[in-house]
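Hi everyone, thanks for making the time. Let me put the structure on the screen and then walk you through it.

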Amino acid sequence: MKIGVVTFPGTLDDRDAARAVRHAGGDAVSLWHNDADLHGVDAVILPGGFSYGDYLRCGAISRFSPVMEPIIAAAQKGMPLLGICNGFQVLAEAHLIPGALTRNHALHFICKDQKLVIENNQTAWTSAFAEKEEIVIPLKNGEGAYMCDDQTLAMLEGEGRIIARYVGENPNGSRNLIAGVTNERGNIVGLMPHPEHAIDALTGPTADGLGFFTSVLKALAAGGVK
Amino acid sequence: MAKIVVDVMLKPEILDPQGKAVAAALPRLGFTFAKDVRQGKRFEIEVDGQPTAAQLAEVEKAAEKLLSNPVIETFTVRVEK
């Protein structure tokens, strides 16, 4: 299975994301922000970093880069799409998932190992986890506070579309401790913490993040997201 | 040449930690007038001649699509003399 990993100018975590894909047993394909097609990939990851220097708003410029056009079209037809950190911000700017990411409530950039609880293990990217499974993966962001209006929040809660929450103290001011959300279909997931930095005990705090990558390979092997 | 100004502000219900930090810094410098501070963005767009209604409508569209994120922000468009 071929998983595309996008590099925008200013992306940082594309190599770790590609490594995580290979570690999980998939083929990682590099996609460039200027690519007009997706080189036949079965899923796409928008990795973390500071695309376009976070100018204007995080993800606001990247969202209109050429590669996003085929990605949005494919994701709307069910192609699995994961946005991590800056990738999550791109998904929110593209309105592929509801809400927005804003400045951490305490203003400081956060970089630490963070405990999460998996709230929805029915998506293309979370099926390898048990429901309510607790995992520890790195969290590193300056603008990670998930914001949405009350109506959207009630909808996300009611439809089980919050896929992961922070455990313990709220690290960045996200509403309802939201660390990740999915779209209605469950093929698009935005996640603020970084699973690609926690795929083996040698280089990460845990290997807990690997499940996101094995999940999508399993979903694709089973015929993709209906 | 005229200048079109687009002001973008976070919606009132969205927490503005930067504005809060400014509000907290002011009294430390002896400025005690501020009850609250909100921080926003201002875009100055130069165009040739007086902007037409059609141009302003285009700017409105651009402000909604790119300059602001309607999920968390509001904007105003005006022409500066």
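Chain A has 226 residues, and a compact globule of that length would have a radius of gyration near 17 Å; chain A has 15 Å, which agrees. That radius is taken over C-alpha atoms, and the globule rule is 2.2 Å times the number of residues to the power 0.38. Please keep in mind that this is a predicted model: local features need pLDDT of at least 70, side-chain atom pairs count only at pLDDT 80 or more, and totals for chains, interfaces and linings use all residues. Residues are numbered from 1 along each chain as its sequence is written, while chains are lettered from A and ligands numbered from 1 in the order in which they are written.

Back to chain A. Along the principal axes, its C-alpha trace spans about 40 × 40 × 35 Å. Buried residues account for 57% of the 226. By buried I mean that 20 or more other C-beta atoms lie within 10 Å of the residue's own; 12 or fewer is exposed, in between is partly exposed, and C-beta atoms are placed from the backbone. Take the contacts in chain A between residues at least 6 apart in sequence: 75% of them join residues at least 24 apart. A contact here is two residues whose C-beta atoms, placed from the backbone, lie within 7 Å.

Now the fold of chain A. There are five helices and eleven strands, all of them DSSP runs numbered from the N terminus, with helices being H or I of at least four residues and strands E of at least two. Nine strands make an open sheet, in the order β2-β1-β3-β4-β11-β10-β9-β6-β7, with mixed pairing; strands pair if DSSP finds at least two bridges between them. At the edges stand β2 (27–32) and β7 (134–141) of chain A, each with a single partner strand, so one side of each has no neighbour in the sheet. Neighbouring strands are turned by 25° against each other on average, direction ignored. For all these angles, axes are lines fitted to C-alpha atoms, for helices over the stretch in contact, and values run from 0 to 180 degrees between N-to-C directions.

Strand β6 (residues 110–118) of chain A runs antiparallel to β7(A), and eight bridges join them. Which residue in β7(A) is the bridge partner of Leu116(A)? That one is Ile135(A).

Over part of the sheet we find helix α1 (residues 14–24) of chain A, lying across β1 (2–7), β2, β3 (43–46) and β4 (81–84) and running at about 175° to β1(A).

The other helix I'd like to show you is α5 (residues 210–221) of chain A. Its twelve residues, at 1.5 Å a residue, should span 16 Å, and the end C-alpha atoms are 17 Å apart, which agrees; the expected span is 1.5 Å times one less than the number of residues. Buried residues in α5(A) include Leu210(A), Phe212(A), Phe213(A) and Leu217(A). Their cover includes β1, α1, β3 and β4 of chain A. After α5(A) comes Gly223(A), with a positive phi near 105°.

Buried or partly exposed: where does Asn176(A) fall? Asn176(A) is partly exposed, with 13 other C-beta atoms within 10 Å, whereas Leu177(A) counts as buried, with 20.

On to chain B. Its elements run β-α-β-α-β from the N terminus. A compact globule of 81 residues would have a radius of gyration near 12 Å, but chain B has 16 Å. Of those 81 residues, 14% are buried. The three strands form an open antiparallel sheet in the order β2-β1-β3, and the twist averages 20° from one strand to the next. Strand β1 (residues 2–10) of chain B is joined to β3(B) by eight bridges, with Asp7(B) standing opposite Thr76(B). Helix α2 (residues 53–67) of chain B lies across β1, β2 and β3, at about 150° to β3(B).

Finally, where the chains meet: the contact takes twelve residues from chain A and nine from chain B. The chain A side divides into four nonpolar, five polar and three charged residues. Here Ala, Val, Leu, Ile, Met, Phe, Trp, Tyr, Cys and Pro count as nonpolar, Asp, Glu, Lys and Arg as charged, and the others, Gly among them, as polar.
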